[in-house]
Amino acid sequence: MLGRTGEKIAAIGLGTWGIGGGMMPNYSADKQAIEAIRHAVKLGMNHIDTAEIYGGGHAEELVGEAIKEFARDDIFIASKVWHTNLRYDDVLRACERSLKRLQTSYIDLCYIHWPNPSIPLSETMRALERLYDEGKIRYIGVSNFSASLVEEARSCLSHADIVADQVEYSLYERSIERDLMPYCLREGITIVAYSPLGQGKLVRELHDGRSRRARILMEIAKRYSKTPIQVALNWVIWHEHVITIPKSIRREHLEENAEAAGWKLDEKDYKLLAEAWG
Ligand SMILES: NC(=O)c1ccc[n+]([C@@H]2O[C@H](COP(=O)([O-])OP(=O)(O)OC[C@H]3O[C@@H](n4cnc5c(N)ncnc54)[C@H](OP(=O)(O)O)[C@@H]3O)[C@@H](O)[C@H]2O)c1
């Protein structure tokens, strides 16, 4: 579920940072990215995470192209406004540009990508609430916000609410467990975990296979008849209100990631991993 909205959202979605050819024309990289997005949707990973900054807007264009063959309401698109575009008019303009690149009339979830202390949060939230009222964005989110900043952002909204905070969370990066996670779990705000595979670090550590914690992960995976990557992703989404968006452009990886949801690690294995990787 997304926040307290009652809206269902895939526990494993798809990240799009670094997909495609970026600003330089690269037909084969773009084709691979479009095919990957389509494959992900067919596997049920229909929460596609992008941002105006990814590839200078090109990632949004690729998402727009990829989703054309699906019914729009079968796809959940999340995008982000970059931190230099947080003035009232800049937010409105950034959203229009994103809609154009995505070839859609609405973004499901629009985040502030990073906080910007030099622009009053109230100004940004007012613009997001206007887009929300106009139906151009269905939900408002923040990214890389601490619990106190989420509170501040919420207090700037008159009738909408923050439904999600997108933050880094993985076996490697656990700092949200201190304050943000308890706050979001209590308030029913979805945590969207980015870089759940440590941007590929986990794959390298598993390949090396020498660390004690990697061996524990592999042993647990064997017991569940899952792969270590699936266990690591399942660990990330173990708590209610935590979902994730691993990035992949490879069919076999997408298929592996899709199978990381729909089951749950036992509490003792969840804790075993938390301790081993803590
Ligand atoms: N809000 C923010 O500030 C922020 C910051 C960073 C990221 N994000 C979002 O979060 C998404 C995910 O994070 P990320 O891209 O940083 O890192 P990630 O998802 O932790 O790792 C991506 C890397 O893992 C590989 N991979 C994925 N599935 C795999 C599998 N089953 N087996 C082996 N390798 C696999 C990918 O390679 P292949 O493509 O070759 O599979 C890629 O190299 C981003 O794409 C972006 O949408 C947001």
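**Close-up views of a predicted model**

**View A. Helix α10 and the helices against which its buried residues pack.** Helix α10 itself covers residues 251–258, and its buried positions are Leu254, Asn257 and Ala258. Seen down the axis of α10, these buried residues fall within an arc of 100°, so they line one face of the helix. In general, an α-helix has 3.6 residues a turn, so residues three or four places apart point the same way.

**View B. The shell of residues around the ligand.** The ligand is surrounded by 26 residues, of which the closest are Gly15, Trp17, Tyr194, Lys247 and Ser248. Helix α10 supplies the largest share of this shell, namely three residues. By residue class, the shell around the ligand divides into nine nonpolar, 13 polar and four charged residues.

**View C. Glutamine 230 in helix α9.** Glutamine 230 is a residue of helix α9, and it counts as buried because it has 20 C-beta neighbours inside 10 Å, where 20 or more is the condition for that class. When residues up to four places away in sequence are not counted, glutamine 230 touches Ala221, Glu256, Glu259 and Ala260. Alanine 261 lies 31 residues from glutamine 230 in sequence, while the C-alpha to C-alpha separation of the two in space is 8.0 Å.

**View D. The contact of helix α2 with helix α3.** The axes of α2 (residues 58–67) and α3 (residues 88–102) come within 7 Å and cross at roughly 45°, which means that α2 is oblique to α3. On the α2 side the contact is made by Glu60, Glu61, Val63 and Gly64, and on the α3 side by Ser98, Arg101 and Leu102. The residues of this contact of α2 with α3 comprise two nonpolar, two polar and three charged.

**View E. Tyrosine 111 in strand β4.** Tyrosine 111 has its place in strand β4, which runs over residues 107–112, and this tyrosine is buried because 26 other C-beta atoms lie within 10 Å. Leaving aside neighbours within four places in sequence, the contacts of tyrosine 111 are with Ala78, Lys80, Gly141, Val142, Ser143 and Gln166.

**View F. Asparagine 144 in the loop between β5 and α5.** Asparagine 144 is found in the loop that lies between β5 (137–143) and α5 (147–155). The phi angle of asparagine 144 is near 60°, a positive value in a residue other than glycine. Asparagine 144 counts as partly exposed because it has 17 C-beta neighbours inside 10 Å, a number between the limit of 12 or fewer for exposed residues and that of 20 or more for buried ones.

**View G. Glutamine 199 in the loop between β7 and α7.** The loop shown here, between β7 (190–194) and α7 (201–208), contains glutamine 199. Phi of glutamine 199 is near 55°, which is likewise a positive value in a residue other than glycine. With 18 other C-beta atoms within 10 Å, glutamine 199 is partly exposed.

Technical notes:
Residues numbered from 1 in each chain as written. Predicted model: local features only at pLDDT ≥ 70, side-chain atom pairs only at ≥ 80, totals over all residues. Axes fitted to C-alpha atoms, helices over the stretch in contact; angles between N-to-C directions. Helix = DSSP H or I, 4+ residues; strand = E, 2+ residues; numbered from the N terminus. Parallel < 35°, antiparallel > 145°, perpendicular 65-115°, else oblique. Contact = placed C-beta atoms within 7 Å. Nonpolar A, V, L, I, M, F, W, Y, C, P; charged D, E, K, R; others polar. Arc of directions from axis to C-beta. Near = placed C-beta within 6 Å.
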